[in-house]
Amino acid sequence: MLLLHGDLDDHRSPADADGASPPKSWAKSRDFSNDPQRAAAVAEASRADRERYLTSGLKPVDCRFCHVTVTVRRLGPGHTAVQWNTEASQRCAHFAEIRNSGGDTARTRSCPKLADSIEHAVAEGYLGDAPRDND
């Protein structure tokens, strides 16, 4: 067994030189609590960044077999991001078959029928490879 010795060996916070405990919270960035307008602007920019990160380049694709709709972003050959919603995952015929046989759909890599539909969308030019950033 390894025994460590030092200031934090019993999981207590170290005290300042005057004996006061350090602040209980720490943030990587400022919260702008003294400037509400800037705090609102930062919050809105963060929300927009998050939305752009999660949805940029996603296009709806219908499965040609069971007609569920998922959002897809083609990142390149062999790299495709698929976002399933609850309705689509419940209605997917392939996933329903797995559930009916007692399997766990969370461990299923993907639906082969949907993969065919995605490849069809790529072949028709609806989904293309993601544009390269010129950094």
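Two strands pair if DSSP finds at least two bridges between them; helices (H or I, at least four residues) and strands (E, at least two) are DSSP runs, numbered from the N terminus.

I am working on a predicted model, where local features need pLDDT of at least 70, side-chain atom pairs count only at pLDDT 80 or more, and totals for chains, interfaces and linings use all residues. Residues are numbered from 1 along each chain as its sequence is written, and side-chain values use heavy atoms, with hydrogens and water left out.

**Strands.** I looked up β2 and found it antiparallel to strand β3 (residues 79–83), over five bridges. V72 faces V82 of β3 across this pairing. Two residues separate β2 and β3 in a hairpin, and G78 in the turn has a positive phi of about 80°. On to strand β1 (residues 59–62): four bridges join it to β2, again antiparallel. Here V61 stands opposite V70. This hairpin has six residues between its strands, with H67 in the turn at a positive phi of about 65°.

**R74.** Next I checked R74, which sits in β2 (residues 69–76). Is R74 buried or exposed? I find it buried (under 20% relative accessible area with a 1.4 Å probe, protein chains only), at 9%. Its side chain makes a polar contact with the side chain of T80 at 3.4 Å; such a contact is a pair of N or O atoms within 3.5 Å, one able to donate a hydrogen and the other to accept it, and residues adjacent in sequence count only if both atoms are side-chain atoms. A polar atom of the R74 side chain also lies 3.4 Å from the backbone oxygen of G76.

**L114.** Last, I listed its contacts (heavy atoms within 4.5 Å): beyond neighbours within four places in sequence, L114 touches C63, V70, V82 and W84.

How values were computed:
Buried < 20%, exposed > 50% of the residue type's maximum accessible area, 1.4 Å probe, protein only.
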